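Here is a report on cores, aromatic pairs and strand pairing. Please read it alongside the sequence and the model.

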Amino acid sequence: MSIIFAILIFSFLIFIHEFGHFIAAKLSGVQVNEFAMFMGPAIWKKQKGETLYSIRCIPIGGYCAMEGEDEDTENPRSFQKAAWWKRLIILVAGSAMNFIAGVLIMVIVFLPTVKLATPTIAEIQEGSLIGGPNGLQAGDTFLEIDGEKVYLQSDFFTMMALNPGEVHDIVVERNGQRVVLDNFVMKTTLFEGEETPRYGFSFAIEDATLGSKLDYAWKNVLNSGRMVRLSLQMLFNGQASFSDLSGPVGIIGQMSDVADSSETWVDALLNMLYFGGFIAINLAIMNMLPIPALDGGRVLALLVTTLIVKITNKPVNPKIEGYIHAGGMILLLLLMAVIMFKDVFMIFKG
């Protein structure tokens with residue numbers, strides 16, 4: 001059931017993205033030739049008016065095929081004939097729908113919450129090496145660690161893991177004042193009777209109100225978006241590798257594992273929804289990267305070609321852009337196929 005529910009969440013995120021393009025195109029008067037869920041051969045299709053609706057067999061995407069999207073046509077309702085600002089709205093609409101869905105999912109996840117952990121130190125254990133007049137104090141709220149903002153209590157552990165070592169630049173709020181602790185030594189202590197060294201402090205827990213729940217949900221949205229940037233940084237600087245990437249199969253497997261490790265079915269549902277919200281926000285941001293075949297690449301091409309037309313007063317052949325995006329799509333599909341086979345191999349290996 002957890003796998004089925006994970007597939008349903010992932011399929012919903014794909015659907016809501018393509019529906020964003022679809023509804024924006026329809027409202028802009030652009031002809032939509034096909035609205036498809038997934039890729040590959042069709043397993044179901046139905047023609048309704050000018051649009052063919054289909055479900056295809058490879059669950060790695062979907063598309064909203066508009067008239068004249070990558071080629072010239074005389075159809076006055078083609079994508080290329082629409083005003084540039086309408087085309088921009090259509091291209092951005094998919095990611096916008098994913099982002100909105102992610103925000104709403106986060107709100108739904110945290111509405112039942114009774115208690116919320118905060119990035120504020122409740123108390124520092126006696127014997128801890130991080131306390132004292134020149135160190136951290138009870139009541140301090142973490143604002144930044146090594147230049148990264150702290151939105152949530154979990155951000156503390158994330159930043160410690162991303163920046164291994166004992167020396168960190170820390171900014172806290174203390175009695176309404178901003179206190180900067182540059183080159184601060186965050187040293188762990190092995191307390192008596194324990195086997196694992198700890199920093200020796202605890203975070204404060206507060207009663208959740210409607211306002212704090214909404215604020216907490218929004219901070220999770222911001223944190224999810226930041227994780228995209230941090231993940232890309234880790235890929236470029238070598239902290240993460242190709243083996244750490246996951247496609248739809250891997251993501252669904254991770255969502256299922258999260259559900260299976262939950263104590264109750266309610267916890268499983270909320271954990272999977274949280275994962276779905278995280279993925280929705282990731283999809284919204286990743287799709288807007290200026291890479292050919294992605295929406296961000298198409299937005300960049302639209303802005304460049306519009307500028308060229310304004311300067312030269314001559315139209316740009318849409319086939320050129322079509323070739324670029326086709327090449328990008330082939331490379332993207334190959335990458336997704338490799339990642340999918342890697343995920344399947346890891347499942348059978350496990």
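## Aromatic pairs

Phe-110 is buried, with a relative accessible area of 12%. Buried means under 20% relative accessible area, exposed over 50%, and partly exposed in between, with a 1.4 Å probe and protein chains only. This is a predicted model: local features need pLDDT of at least 70, side-chain atom pairs count only at pLDDT 80 or more, and totals for chains, interfaces and linings use all residues. Residues are numbered from 1 along each chain as its sequence is written, and side-chain values use heavy atoms, with hydrogens and water left out.

The whole structure holds 18 aromatic pairs. Rings of Phe, Tyr and Trp (its six-membered ring) pair if their centres lie within 6.5 Å; planes under 30 degrees apart count as stacked, over 60 as edge-to-face and the rest as tilted. Two of these pairs are set out below.

| Pair | Centre to centre | Angle between planes | Class |
|---|---|---|---|
| Phe-110 and Tyr-274 | 6.1 Å | 80° | edge-to-face |
| Phe-156 and Phe-157 | 5.2 Å | 85° | edge-to-face |

Phe-110 lies in helix H2 and Tyr-274 in helix H6, so their pair ties together parts that are 164 residues apart in sequence. Helices (H or I, at least four residues) and strands (E, at least two) are DSSP runs, numbered from the N terminus. Tyr-274 is partly exposed, at 29% relative accessible area. Phe-156 is buried, at 0%. Phe-157 is partly exposed, at 47%. One aromatic cluster takes in Phe-142, Phe-156, Phe-157, Tyr-199, Phe-201 and Phe-203.

## Helix H6

Buried residues of H6 include Met-272, Phe-275, Ile-279 and Ile-281. Asn-282 is also among them.

## The cores

The largest nonpolar core has 20 residues. Such a core is a set of buried Ala, Val, Leu, Ile, Met, Phe, Trp, Tyr and Cys residues joined through side-chain atoms within 4.5 Å. Leu-136, Phe-142, Phe-156, Met-186 and Phe-201 touch the most other members. Two or more residues each come from S4 (141-145), H3 (153-162), S6 (167-174), S7 (177-185) and S8 (201-207). H3 gives the most, with 4 residues. Apart from this core lies another, of 15 residues, among them Val-30, Val-32, Ala-82 and Leu-302.

Which residues does Phe-142 touch, not counting those up to four places away in sequence? They include Pro-119, Ile-121, Leu-136, Phe-156, Val-172 and Phe-201. Contact means heavy atoms within 4.5 Å.

## Strand pairing

S4 and S6 pair in the antiparallel sense over 4 bridges. Two strands pair if DSSP finds at least two bridges between them. Phe-142 has Val-172 as its bridge partner in S6. S6 and S7 also run antiparallel, joined by 7 bridges. There, Val-172 has Val-179 as its bridge partner in S7. The hairpin of S6 and S7 has 2 residues between the strands, and Asn-175 takes a positive phi near 55°.

## A buried glutamate

Is Glu-69 buried or exposed? Glu-69 is buried, with a relative accessible area of 16%. Glu-69 lies in the loop between strand S2 (51-66) and helix H2 (84-110). Leaving aside neighbours within four places in sequence, Glu-69 is in contact with Cys-64, Phe-79, Gln-80 and Arg-298.
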